Amino acid sequence: MNDSFDRDIDRAGTFSTKYDGRAAMFGHPDVMPLWVADMDFAAPAAVTEALVARAAHPVYGYTLFPDSLYEALMDWLESRHGWKVEREWFILCPGVVPSLSTSILALSAPGDAVIVQPPVYFPFFSVVKKTGRTLLTSALQLEEGGYRMDVADLSRQAASARLLLLCSPHNPVGRVWSRPELEKVLEIARQHQLIILSDEIHADLIYPGNRHHILASLMDSPESIITAVAPSKTFNIPGLNLSALIVPHPQYRSAIRAQLEMMHVGASNPFSVVAFEAAYRGGREWLDTLMEYLATTRQMVQHYLAENLPEIRLIPSQGTYLLWLDCRALGMNDDELRQFFIFEAGIGMNPGISFGAEGGGFMRMNIGTPRHRIRKALESIRSALGQRENRLS
């Protein structure tokens with residue numbers, strides 16, 4: 001199965017954001033796209049087979065969520081993460097970001113403060129600002145071994161906040177938070193009566209030697225925690241737009257459901273429903289093989305940079321297929337950095353500055369693509385830097 005991840009799949013012309021959106025995003029239609037967080041790998045066979053079988057039925061009407069769908073996710077959470085959840089805790093939603101926005105609207109009032117920890121996935125900023133809430137930031141601290149939370153600052157911010165948006169594992173810096181770190185977050189939440197919205201969409205994408213702890217599983221009574229999960233990143237099906245909120249607190253569940261009903265938001269889709277269940281039922285072996293493949297790619301990037309591009313430092317990554325590259329030693333500002341990668345190296349990555357001011361001088365690289373493409377991208381960066389040095393010498 002490992003060989004299947006080396007297979008080139010032409011995605012151009014499929015209305016793919018990652019490929020067909022290159023001109024709009026980068027001003028250049030032919031950059032190698034290593035940006036938006038989906039992978040260039042075929043989804044698990046179980047998913048494709050389920051979709052083909054459903055498509056064979058020629059009526060695509062309004063669709064219910066079967067009990068088997070909930071059971072598939074419950075079984076996955078218990079077997080993969082050791083977390084046993086109750087059926088009534090689930091709220092199905094059309095994507096994690098809309099579910100976070102809905103939760104903020106339901107559980108806070110205009111002007112209430114919400115904490116985020118930059119550099120962080122950029123929609124975290126917009127779901128706070130566009131809901132009319134007050135944005136508070138508690139920046140992660142970069143040390144030699146990677147990023148850590150500033151616990152003292154987080155506690156200070158929590159004293160005046162209603163909610164914390166936690167990214168676990170963290171996008172873009174690749175941290176898989178340790179149990180002691182998460183227990184400190186829980187202690188702060190208890191002390192300040194803070195509600196935590198824990199985005200755990202990358203929970204299954206963990207490299208060997210690390211373990212993801214679902215935050216709510218660390219509490220006997222997790223009522224103050226709302227957990228967002230989805231098969232979209234795990235099994236590479238983000239375009240099907242189906243996620244789940246796990247909400248133990250009955251009043252919070254009622255408030256979130258009421259908000260969804262007010263907006264007439266429905267998540268049911270005949271294809272997303274069957275793919276969701278099929279992924280959790282039949283995708284385990286595919287995922288294990290994927291993580292082996294990604295771990296080898298990550299190691300290759302680390303070695304290549306160290307040997308050939310020491311000006312670019314890979315921040316140690318413990319999870320996700322997104323790598324956080326420290327490019328500050330190149331001596332370029334953020335505009336220059338973006339222009340260099342697009343128009344000189346021919347690579348389309350996410351500028352670090354889009355993840356908050358703390359991301360200035362960094363770039364986010366998506367390695368969810370055949371490994372030979374990543375090697376080609378690294379060689380293009382090396383060549384472009386050599387040509388730049390020759391011009392400037």
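How exposed is Arg-80? Arg-80 is partly exposed, at a relative accessible area of 26%, where buried stands for under 20% relative accessible area, exposed for over 50% and partly exposed for values in between (1.4 Å probe, protein chains only). The model shown here is predicted, so local features need pLDDT of at least 70 and side-chain atom pairs count only at pLDDT 80 or more, while totals for chains, interfaces and linings use all residues. Residues are numbered from 1 along each chain as its sequence is written, and side-chain values use heavy atoms, with hydrogens and water left out.

**View 1. Arg-80 and Asp-288 form a salt bridge.** Here we look at a side-chain nitrogen of Lys or Arg within 4 Å of a carboxyl oxygen of Asp or Glu, which is what the term salt bridge means. In this pair the closest N and O atoms are 2.7 Å apart. Asp-288 sits in helix H11 (residues 284-308) and Arg-80 in helix H4 (residues 67-81), 208 residues apart; helices (H or I, at least four residues) and strands (E, at least two) are DSSP runs, numbered from the N terminus. Asp-288 counts as partly exposed, at 35% relative accessibility.

**View 2. Arg-11 meets Asp-40 in a salt bridge.** The N to O distance is 2.8 Å. Arg-11 belongs to the segment before helix H1 (17-20) and Asp-40 to the loop between strand E1 (32-33) and helix H3 (45-55), so the pair ties together parts that are 29 residues apart in sequence. Both Arg-11 and Asp-40 are buried.

**View 3. Asp-326 and Arg-328 join in a salt bridge.** Their side chains meet at 2.7 Å, N to O. Asp-326 is buried, with a relative accessible area of 6%, whereas Arg-328 is partly exposed at 46%. Elsewhere, salt bridges with shared partners connect Asp-8, Arg-11, Lys-18, Asp-38, Asp-40 and Arg-373 into one network. The salt bridge count comes to 17.

**View 4. Trp-76 and Phe-235 form an edge-to-face aromatic pair.** A search of the whole structure finds 18 aromatic pairs. Rings of Phe, Tyr and Trp (its six-membered ring) pair if their centres lie within 6.5 Å, with planes under 30 degrees apart counting as stacked, over 60 as edge-to-face and the rest as tilted. For Trp-76 and Phe-235, the values are 5.5 Å centre to centre and 70° between the planes. Trp-76 lies in helix H4 and Phe-235 in the loop between strand E9 (225-229) and strand E10 (243-246), so the pair ties together parts that are 159 residues apart in sequence. Trp-76 is buried at 2% relative accessible area, and Phe-235 is buried at 0%. Both rings belong to a cluster linked by ring pairs, whose members include Phe-5, Phe-41 and Tyr-293.

**View 5. Trp-324 and Phe-355 make an edge-to-face pair.** Their ring centres are 5.6 Å apart and their planes are at 90°. Trp-324 is found in strand E12 (residues 322-326) and Phe-355 in the loop between strand E14 (350-351) and strand E15 (362-366), 31 residues apart. Trp-324 and Phe-355 are both buried.

**View 6. Arg-87 lies over the face of Tyr-70.** A charge sits over a ring if NZ of Lys or CZ of Arg is within 6 Å of the ring centre and within 35 degrees of the ring normal. Arg-87 is 3.4 Å from the ring centre of Tyr-70. Arg-298 lies over the face of Tyr-207, at 4.0 Å from the ring centre.
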